[in-house]
Amino acid sequence: MQLEVDIARKAFTNAAGERLDVLSDFGFALGAGEVGVFVGPSGCGKSTMLKILAGLDHDYQGRVTRPAGARIGMVFQEPRLLPWRSVEANVRLAAPLADEAKLSALFAVLELNAHRSHFPGELSLGLARRVALARAFAVDPDFLILDEPLASLDDALAARLRDQIAILVDSRPVMTLLVTHNVDDAVRLGDRLFLLSPRPARILADLTIRTPRSARGEAEIAAIKADIARRINGDHAERDAS
Amino acid sequence: MLRLLSFTVFLATWWIAALLAGAERLPPPPAVLTAIITEAHSGALFFNLGVTLARVALAFTLAMTLGASIGYLMGRVRLANRLGDPWLILLLNLPALVVIVLAYIWAGLTEVAAIAAIAINKLPTAVVTVREGTRALDAALDEMATVFAIPRWRALRHVILPQLAPYIAAAARSGLSLVWKIVLVAELLGRSNGVGFEIGVAFQLFDIPLLLAYSLSFVAVVLAIEIVLVQPFEIRLSRWRPRAA
């Protein structure tokens, strides 16, 4: 079970008729059970890349090999819940095979039990994000895609949700791709970190963290963060010099 | 309570107008009520109302089903829209009378011709409304359905149709009122029963109480269907909205 990505070029034509390169020479591979994290500046093309990997966008040059028949669970940047279905019905629509025990466990981890019968319009953004997470996990994904699932949440809630994601990811062997611009989230959740350049996005560095998520100490996390900061700023210096 | 008051004002205005205009031109409410009771006793009222209602139901269902399907297709597929658009404009602007007369000429004075003519009159507005709704569909939810591999029919039922529901309700609402209006013309011109036919007879005999008896019974049925069927349906559709308009 492996994901292989080799995108030569992905371009958009904007409303003014100009062609903009979003991705160029973008290649990597990710194995089962690995959590790959993409860290990059806003607007560098991360969401575009995720759309290609999820099979929603076929208009690019290059090749993406997804495991055949892989079930995909995805958390979009916005929750994308159906406003006319309750929380539970939203999850069940995506995961008709999930049984009651499994859903209960999932709702318990994400602290959603009190909100099962609520409609999405009645939820805060943080709650709606958790429902989107529940939906992605309920399908028992082989390939989990998380697009900035913690953006615009307050720090305490983001930290709780991050821990919940870690618990869920560790509870089954699933290939996970997480996109974020928060280095802290990246270091705490990822096994492999891909640092991206500004648009057109390419991979600046591919770091592997060998310590298991739960065993990472604050000192180690700080060290990795410093390393990442050095690499990103080093790149800027290089660009400034050229 | 407010509705009752409104109805009383209507009756009072009618009665006063009848006194001023004279019973020859505008019979007062009791005269019309007598006519209604007579027709009801003979069974003719219910038979004619029933026949008209059956035509409305058939033509409405036909037009809504076809119209919603064509509208969805035209909203989704650019080619279908470009092919269908000239036809749509033609049908939208074709007078109802022309459609009815042509249908009777080509298909004979038959039930099929009547129902087809009514349905064709209603079809283009349904197409236009549902097409607009389809264009307004949320692409983000489509992507969600694709990623989670929700089967096509389930996605149609649970993702697409709820988004189209307000448009379908609007098409049904405006379409129903259009059908109520056209069905009587179709009956007047080419059927030998139904409310439209009876009104035609009353017109020829200059029997104003009979004319009003059928007209008002018909209006009462329309109102009852609005209140008992259409409005609860609309409320049910929008129950997920925090505050329904």
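**View 1. Chain A as a whole in the predicted model.** The secondary structure of chain A comprises seven helices and nine strands, where helices (H or I, at least four residues) and strands (E, at least two) are DSSP runs numbered from the N terminus. The radius of gyration of chain A is 18 Å, close to the 18 Å that the globule rule gives for 242 residues, so chain A is as compact as a globular protein of that length; the radius is taken over C-alpha atoms, and the globule rule is 2.2 Å times the number of residues to the power 0.38. This is a predicted model, in which local features need pLDDT of at least 70 and side-chain atom pairs count only at pLDDT 80 or more, while totals for chains, interfaces and linings use all residues. Residues are numbered from 1 along each chain as its sequence is written, chains are lettered from A and ligands numbered from 1 in the order in which they are written, and side-chain values use heavy atoms, with hydrogens and water left out.

View 2. The C-alpha trace of chain A spans about 60 × 45 × 35 Å along its principal axes. Of the 242 residues of this chain, 52% count as buried, where buried means under 20% relative accessible area, exposed means over 50%, and partly exposed lies in between (1.4 Å probe, protein chains only). Chain A exposes about 10,600 Å², and carbon and sulfur atoms supply 51% of that area; accessible areas come from the Shrake-Rupley method with a 1.4 Å probe, and for residues only the protein chains shown count as cover. There are 30 positive and 32 negative side chains in chain A, and the centres of the two sets lie 2 Å apart, with Lys and Arg counted as positive, Asp and Glu as negative, and His and the chain ends not counted. The place of each charge is taken as NZ of Lys, CZ of Arg, CG of Asp or CD of Glu.

**View 3. The loop of chain A that holds D154(A).** D154(A) lies in the loop between β6 (143–147) and α5 (155–170) of chain A, and at 48% relative accessibility this residue counts as partly exposed. Although D154(A) and G126(A) are 28 residues apart in sequence, their C-alpha atoms are 8.8 Å apart in space.

**View 4. Chain B as a whole.** Chain B has ten helices and zero strands, and its C-alpha trace spans about 70 × 50 × 30 Å along the principal axes. Of the 245 residues of chain B, 40% count as buried, and the accessible surface of the chain comes to about 14,100 Å², of which 72% belongs to carbon and sulfur atoms. The mean positions of the 19 positive and 13 negative charges of chain B are 11 Å apart.

**View 5. Where chain B meets chain A.** In this view, 14 residues of chain B are in contact with 22 residues of chain A, contact meaning heavy atoms within 4.5 Å. The two chains bury about 1,700 Å² between them, 73% of it on carbon and sulfur atoms, where buried area is the accessible area (1.4 Å probe) that two parts lose on being put together, summed over both. On the chain B side, V147(B), F148(B) and W240(B) lose the most area to chain A, together 38% of what that side buries.

View 6. N48(B) is found in helix α3 (residues 44–76) and is buried, with a relative accessible area of 2%. Leaving aside neighbours within four places in sequence, N48(B) is in contact with N193(B), G194(B), V195(B), E198(B) and Y214(B). S69(B), also placed in helix α3, is partly exposed, with a relative accessible area of 43%; S69(B) and V127(B) are 58 residues apart in sequence and 7.9 Å apart in space, C-alpha to C-alpha.

View 7. Most residues other than glycine have a negative phi.
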